[in-house]
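Biologist: I have not looked at this structure before. Could you take me through how to read it, one feature at a time?

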Amino acid sequence: MFRPFRSEVESAMTGCLEALDLPTGDLGIEEPPEDLDATLASSVAFRLASELGAAPPQVAQQLADAVDTDPYDYLDAVSTQGPYLNFHTSDAYQTETLEAAQESDYGQLEDRGESVVVEHTSANPTGPVHVGRARNPILGDAVANAMEMAGYDVERHYYVNDAGRQMAVFTWAYEKFDESDLDSEPARDRTEYDLVRYYRKGNSYLETADESAVEAAEAEIASILQGLEAGDEETYERVGEVVDQVLGGMKECLARLPAEFDEFVKETRFMVDGSTDELAERLKETEYAVYEEDAWQLELDEYGIDKNLVFLRSDETSLYTTRDLAHHEWKFDNFDRAVTVLGEDHKLQAEQLQATLDILGNDPERLDDVIYSYVNLPEGKMSTRRGTGVMLDDLLDEAIDRAREEVETRLDDRIRDDELDDDDIERIAHQVGIGAVRYDIVSKQPTKGITFRWDEALDFEAQSAPYVQYVHARCCGILEEADTEPTATEFDADVLSTPEERDLLAVVARFPAVIEEAGEDLEPHRIATYTRELAESFNGFYRSCPVLTAEDADTRQARLALVAAAKHTVANALSVLGVAAPDSM
RNA sequence: GGGCACGUAGCUCAGUCCGGAGAGAGCGUCGGACUUCUAAUCCGACGGUCGUGGGUUCGAAUCCCAUCGUGCCCGCCA
């Protein structure tokens, strides 16, 4: 009910200011400090003080007196404290929040009737997913989830770069070398770990072999690229054999997170259907196009980009961005909006794409980018080609092992007599281990750099996933013990009167607004911050408010409803983050 | 050299978009709380020139300018 309450406050303030013939452009509405019992506040009195020739506290009082709360359901009263106006909620606010949160989909906002394609990960199919890349699926999945919960109609796409130079090199190397040429065993028994050895071998060969050998190899690589450009069937099959195998392995790895996709869109698709050629022709016709140094380029100075964008090589083949432009026009044809999650190293390319889409007559406002910084090792960047980096599979394995150890050591001094069996332990180890990895990454602002350190990545201490997951397990424990989940008619929210109960309910009430903000601003880390506040409030409530042994039946019933509300809220918040919500821990 | 990001407690981070109520957490350190619905919990203490210097403002971690440090980018690679 926070969102409707906010609307009421805005409406009440606007009405009040209009009645006094004051400007309504800035209502100064903000969230008050935590130790106040007001739900919203306004600092507008500061700005109106000079205009009214009175000190801010007097202005605040004058405004508070003028506000009419009668027409509103959730706005109960306005008070002042110095220069601030404080807005207080009604009993109906509590009651209806508690009722709304009994629904297991609490936080799911109304359908906006707007479709959006969220493209994320899109890692080149060159080898195993390493931790440097892993921020993308974890962030991307959360962005998609947040938008979905905020009411958008979301599709998740993985754009497969199967037509670039890297894949041509890979295909050439895969065909040229034999197992006996390779100098190591696969690090893991899965296709991408096997095949990446050819890719690395090929790259080191190109760096170290003698000139004529490199020349011959480059000729073969160029012929593969040209074969793709010309739509040659056999070339597609050769490249496809490598791409599909490697991608298949990468999908298995990503599924462990899990990060799932509605569609894998191959870039060769936009070569085969002629849209890349057609697009290049259209670009040539624009006033931005120049033919320099035997290649077609686009001058983007007007867009503040001083680097020319080459869109056709001198041999007439297309480049990644050319194909990606066709890809994005396809997105615009099929979706209302497009969101792309990509590393900061692709930022310039994203700006060029944005500018060029505009030149081609598209509305660039329909495309948003979510940019994140790479996860680096203390000693530098991770690289598939060079074989440096921590593999996501290894990180997940370690995290699960660490979580399993934790569960087992806690087994002995466990109070609850629910007899965890081996399957439970394994389940909890997976939920907590993988959850901790995801939470650690998704809870930080994407623009902040992360340096990967094993001890930090495997730190399950507070302010991490298990802290929040534990709240869910506690809720489940209570509700299971009570042997009933209350329905919306069987409780009275008014009996929830302790500070801890009111605080928890107040936090629960804000959840839909947090979803709205995270979904609209593409900032899922806000949900992680919120889960921490929610968990803190719940633990405070848990400490001081017995539920099953409450002093009377009404209190017990209302607290059970509050526990169910907290459970749905924490479960749905974790679900947006892609973190499992364990029933027991 | 140019462009873009980041810089908040010893460490890891919220807060910055949209300026407002003594700058908040966690880890670590120190001290407390389990005959209790799960102690992966809770309570308390210690700890901060919000990189630095200017400016705007009644008010700046937040906006502007400058500066330093770190990262990323500046390929007919992706």
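Modeller: Start with the polar contact: a pair of N or O atoms within 3.5 Å; within protein, one must be able to donate a hydrogen and the other to accept it, and residues adjacent in sequence count only if both atoms are side-chain atoms. A base nitrogen of RNA strand B is 2.5 Å from an N or O atom in the side chain of Arg47. This is a predicted model, in which local features need pLDDT of at least 70 and side-chain atom pairs count only at pLDDT 80 or more, while totals for chains, interfaces and linings use all residues. Residues are numbered from 1 along each chain as its sequence is written, chains are lettered from A and ligands numbered from 1 in the order in which they are written, and side-chain values use heavy atoms, with hydrogens and water left out.

Biologist: Which atoms of Arg526 and Cys545 lie 2.9 Å from a base nitrogen of RNA strand B?

Modeller: For Arg526 it is a polar side-chain atom, whereas for Cys545 it is a backbone N or O atom.

Biologist: How many residues are around RNA strand B, and which come nearest?

Modeller: A residue is near a strand if one of its heavy atoms lies within 4 Å of it. There are 65 such residues around RNA strand B, and Tyr84, Glu293, Lys307, Arg416 and Tyr470 come nearest. On the RNA side, sugar and phosphate make up 66% of the atoms that come within 4 Å of the protein.

Biologist: Which helix gives the most to that surface?

Modeller: Helices (H or I, at least four residues) and strands (E, at least two) are DSSP runs, numbered from the N terminus. Helix 19, residues 525–544, gives the most, with seven residues.

Biologist: How do I read a sheet?

Modeller: Look for pairs: two strands pair if DSSP finds at least two bridges between them. In a regular strand the side chains alternate between the two faces of the sheet. Here, five strands form an open, parallel sheet in the order 7-6-5-11-12. Its edges are strand 7 (263–266) and strand 12 (367–372), each pairing on one side only. Within this sheet, strand 5 and strand 6 (residues 153–160) are joined by five bridges; Val118 has Arg156 of strand 6 as its bridge partner.

Biologist: Which strands make up the antiparallel open sheet?

Modeller: Three strands, in the order 8-9-10. Strand 8 (289–292) and strand 10 (309–312) are the edge strands. Strand 8 is joined to strand 9 (residues 295–298) by four bridges, and Glu292 has Ala295 in strand 9 as its partner.

Biologist: Where is there a hairpin with a positive phi?

Modeller: Between strand 3 and strand 4, where two residues separate the strands and Gly82 takes a positive phi near 60°. Strand 3 (residues 75–81) runs antiparallel to strand 4, with six bridges, and Val78 is paired with Phe87 of strand 4. Strand 4 (residues 84–89) also pairs with strand 2 (residues 40–42), again antiparallel, over three bridges.

Biologist: Is Gln102 buried or exposed?

Modeller: Buried means under 20% relative accessible area, exposed over 50%, and partly exposed in between (1.4 Å probe, protein chains only). Gln102 counts as buried because its relative accessibility is 12%. Gln102 sits in the loop between helix 4 (91–100) and strand 5 (115–119).

Biologist: Which backbone oxygens does the side chain of Gln102 reach?

Modeller: The side chain of Gln102 reaches the backbone oxygen of Leu98 at 2.9 Å and that of Ala561 at 2.9 Å.
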